[in-house]
Amino acid sequence: MKNMRILHITNDCFSGAGKAALRLHEGLRGLGIDSKLLVVYDGNRDPNDGILLYSENGHILNKIRRRLCKLVIAHDYAVYRNTIPENIGQFTDDRSPFRVIDHPLMKDADIINLHWLAGMIDYGTFFPGLHGKKVAWTLHDMNPFTGGCHYSQGCSKYKLNCGACPQLGSDKEKDLSRKIYDRKKCAYNELDADIVTPSKWLAGIAKESSLLGKYRIRTIPNGVPADIFTPRDKNSSRKLLGLPENKTLLLFWCGVLVERRGCMHVVEALKKLHGKTDTSDLALVVIGDLSYKLPSDIGYTYYPAGHIHDERLLSCYYNAADFLVSANWEDNFPNQVLESMACGTPVIGCNSAGVPEMLAPHGTGLLFEQKNTDDLAQKIAWMITHPAERKEMGRRAIELTEKEYTREACARRYIEFYNRILAGAA
């Protein structure tokens with residue numbers, strides 16, 4: 001194994017992408033690799049863990065520059081304040097007030113592994129300033145090759161040049177999405193990078209994109225910490241969390257009503273199911289924003305868990321549940337599916353994007369047709385009425401994650417990848 005110094009750059013440690021980057025970093029360090037993780041947020045950790053909070057010189061000129069940058073970005077977005085559709089999702093700029101390219105860790109690293117960069121990296125100064133550095137870029141969504149959206153939600157303009165962006169509610173070809181796209185294209189002019197995607201789905205659409213389609217792209221699945229997300233006694237988990245021991249518990253995420261996340265599809269499916277099959281012992285466990293209340297006519301007792309930041313506590317919720325419903329119809333390689341599988345809790349997921357790669361070939365859950373609430377209701381009913389099959393799915397899910405999706409398995413694949421990059425053979 002070649003001694004190498006890896007610098008990971010990502011916005012934070014707590015988002016889905018941030019957790020994936022953190023787990024890779026921890027896996028590499030566990031295997032003896034000199035890995036460091038540079039973040040803008042959530043850097044309040046032991047420096048011995050190799051996680052560093054990005055900071056800049058507090059000189060007055062730097063403060064003025066950062067303030068002006070934020071004002072310009074806000075001004076450009078203000079044009080679309082009244083046209084952006086509701087529940088459309090995240091849209092971010094290529095510009096940033098930070099100058100990460102000047103950070104001293106950039107010089108020391110053998111490989112720069114980029115992750116989720118929105119708000120942290122200023123594309124126009126960062127990419128041209130790499131000057132021959134070895135770069136790996138782990139894509140966690142579509143944003144690196146779009147004009148601002150993180151998931152296109154059916155739009156295919158990233159294949160050409162963006163413009164008239166539906167997520168801005170724009171009908172002008174030379175709108176902000178086109179300007180962001182053009183700036184990214186210019187920033188990538190001299191970029192020499194090897195691209196990684198956790199799912200084959202994201203690799204396929206990245207290949208179709210006009211910005212990143214020319215690059216080398218390979219797939220390495222994310223990993224999960226098996227010492228945290230591991231099977232535990234179901235009844236003990238329920239007692240710990242104050243959940244009923246005599247109910248069939250369905251777990252799902254709800255909160256911010258972004259359309260692609262499918263929260264309302266779960267709600268509608270449950271309404272359709274109520275009264276049409278024996279669901280008398282079904283109860284819901286809902287993780288997410290406590291300010292969001294499920295409709296009063298949903299027909300089931302539910303237990304709001306709120307946002308859960310402690311991963312061991314989250315593991316208890318997976319273990320307490322009989323199955324997870326993940327209705328997100330456009331997602332790369334969702335952590336919640338991976339974590340649930342590691343705990344031996346089968347999953348009902350959407351038959352689109354990256355989820356089928358995790359469930360369909362392995363019999364670790366069920367797939368429902370995208371946005372089809374009748375089909376989702378049928379799959380939920382099946383899970384309720386087939387406890388023995390649920391248990392078998394959970395057993396297969398544990399076997400699969402132990403073999404393919406541990407944090408260490410992910411890190412080993414990346415070490416092989418890094419060595420190929422350093423040898424010029426990636």
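1. Arg-23 is placed in helix α1, which spans residues 16-30; the model is a predicted one. With a relative accessibility of 4%, Arg-23 counts as buried, because the cut-off for that class is under 20%.

2. Neighbours within four places in sequence left aside, Arg-23 is in contact with Gly-223, Val-224, Pro-225, Phe-229, Glu-311, Asn-335, Glu-339 and Arg-407.

3. One of these contacts involves a polar pair: the side chains of Arg-23 and Glu-339 are joined by a polar contact of 2.8 Å.

4. The nonpolar packing may be considered next. In soluble globular proteins, nonpolar side chains tend to be buried together. Here the largest nonpolar core has 42 residues, and the members touching the most others are Ile-9, Phe-126, Phe-127, Trp-137, Phe-145 and Tyr-188. Two or more residues of this core come from each of β1 (5-9), α3 (105-108), β4 (111-114), α4 (123-126), β5 (134-138), α5 (176-187), β6 (193-197) and α6 (200-208). Helix α6 supplies the largest share, four residues.

5. Tyr-188, listed among the core members that touch the most others, deserves a separate entry. Not counting residues up to four places away in sequence, Tyr-188 touches Tyr-123, Phe-127, Trp-137, Pro-144, Leu-211, Leu-212, Lys-214 and Tyr-215.

6. Another core, of 32 residues, lies apart from the largest one; Leu-241, Leu-243, Ala-321 and Ala-342 are among its members.

Technical notes:
Residues numbered from 1 in each chain as written. Predicted model: local features only at pLDDT ≥ 70, side-chain atom pairs only at ≥ 80, totals over all residues. Heavy atoms only, no water. Buried < 20%, exposed > 50% of the residue type's maximum accessible area, 1.4 Å probe, protein only. Contact = heavy atoms within 4.5 Å. Polar contact = N/O pair within 3.5 Å; in protein donor to acceptor, adjacent residues only side chain to side chain. Core = buried A, V, L, I, M, F, W, Y, C linked by side-chain atoms within 4.5 Å.
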